Amino acid sequence: MKISRLIAAAVLATAAATQAHADTVLRFSSFLPTTHALYPAVWQKWQSDVERVTEGRVTVEILPKVVGTVAGQLDVVRDGLADVAYIIHGYSPGRFTMTSVAELPFLGNSSRANAVGYWRIYHEYLEKFDEHRGVVPLTLWAHGPGQLWWTKGILKDLADLKGEKIRTPGASTIPVVEAMGATVVQKPVTEIYELVNAGIVDGTLLSQEPAIAFNLFDGLRNLTLIDGGLYTASQAIVINEAKWNSISEEDRKAIMSVSGESMAREIARVTDEGDAKAREIMREKGYAVEKASPEVMAQLHEALAPVEKAWAAAAKAKGMENPEKVLSELRAIIAEVDAEAQ
């Protein structure tokens, strides 16, 4: 016991000494539990990578609990309450029009393809619209295809969703739920367990991996797989703009070398593995996992076509000259990356 305490004290002393010699300490707020696959595989890896590539001049402190609310992480960073945070764009309604192109239905069947396509399109077309005022994205990604988890079974006819209460993750997916004839309940992922198990909602739009991280299998026993997904969630790691500018150009370049697309790819790898594991767990438990029939897919494509048109109209109203071209290029990159994996 005494030896264990001495070892623990030495570890803490080493960490304190490292931060004491760092020019900059970045306080990182995240609402993901430490049991989430991204926490050790990406968050802690990035923490080590930043210290390594800046030779200790910049260190990352992952805070023991989220600062503020889950939905308010963007404001937490913008206002300097934390330096870095994990955000989901859909939790900030009305702020992000251009980035929501990455959340449209039927984009791709892997997080890897969605994430790479999004990162590249963002820098080519979206960054100039300055939707991230006050913060700087260190990486952006979109998870794997968002699916329909429904407590009443596998979806066999779109009409069966009429009036059903379906939880939706963000503002951009509200039109999707409405177009399917269901009633919208907009809540963060952290509240799904209570919503489902208390019978407040009849189902949720959700990718697959979070069912593991948030222990949702007892309430969600039916998963309808939609080709290309009903949506994806646009997400990012952002840093306070003033804090970012206070770091030397040399160290900013070093940090971006372990962020950006390389970090997005690593996040996507973990996410895709989690999606596959979630399906495996569902099948082991004897729960229902089925692909939507061609008839249901045809109904969905018809019902959701206006969602894509509405995004294009909103983007054009905010100054994007060629939203259809941007979406077409995003789909082309996603298809190309998906093909690489086959």
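**Aromatic pairs and an open sheet in a predicted model**

In this predicted model, a search of the whole structure finds five aromatic pairs.

Q: Why is the aromatic pair of F28 and W43 called tilted?
A: The ring centres lie 5.7 Å apart, and a pair requires centres within 6.5 Å.

Q: How do you know whether F28 and W43 are buried or exposed?
A: F28 has a relative accessible area of 0%, and W43 likewise has 0%. Buried means under 20%, so F28 is buried and W43 is buried.

Q: Why is the pair of F28 and W46 called edge-to-face?
A: The centres are 6.0 Å apart, and the planes meet at 80°. Because an angle over 60 degrees counts as edge-to-face, the pair receives that name. This pair links F28 in strand β1 with W46 in helix α2, 18 residues apart. F28, W43 and W46 also belong to one aromatic cluster, together with F31, Y86 and W141.

Q: What makes β7 and β11 edge strands in the sheet?
A: The open sheet has six strands in the order β7-β6-β8-β5-β9-β11, with mixed pairing. β7 (183-186) and β11 (288-291) each have a single partner strand, so one side of each is left without a neighbour in the sheet. The twist averages 25° from one strand to the next.

Key
Residues numbered from 1 in each chain as written. Predicted model: local features only at pLDDT ≥ 70, side-chain atom pairs only at ≥ 80, totals over all residues. Heavy atoms only, no water. Phe/Tyr/Trp six-rings, centres within 6.5 Å; stacked < 30°, edge-to-face > 60°. Buried < 20%, exposed > 50% of the residue type's maximum accessible area, 1.4 Å probe, protein only. Helix = DSSP H or I, 4+ residues; strand = E, 2+ residues; numbered from the N terminus. Pairing = 2+ DSSP bridges. Axes fitted to C-alpha atoms, helices over the stretch in contact; angles between N-to-C directions.
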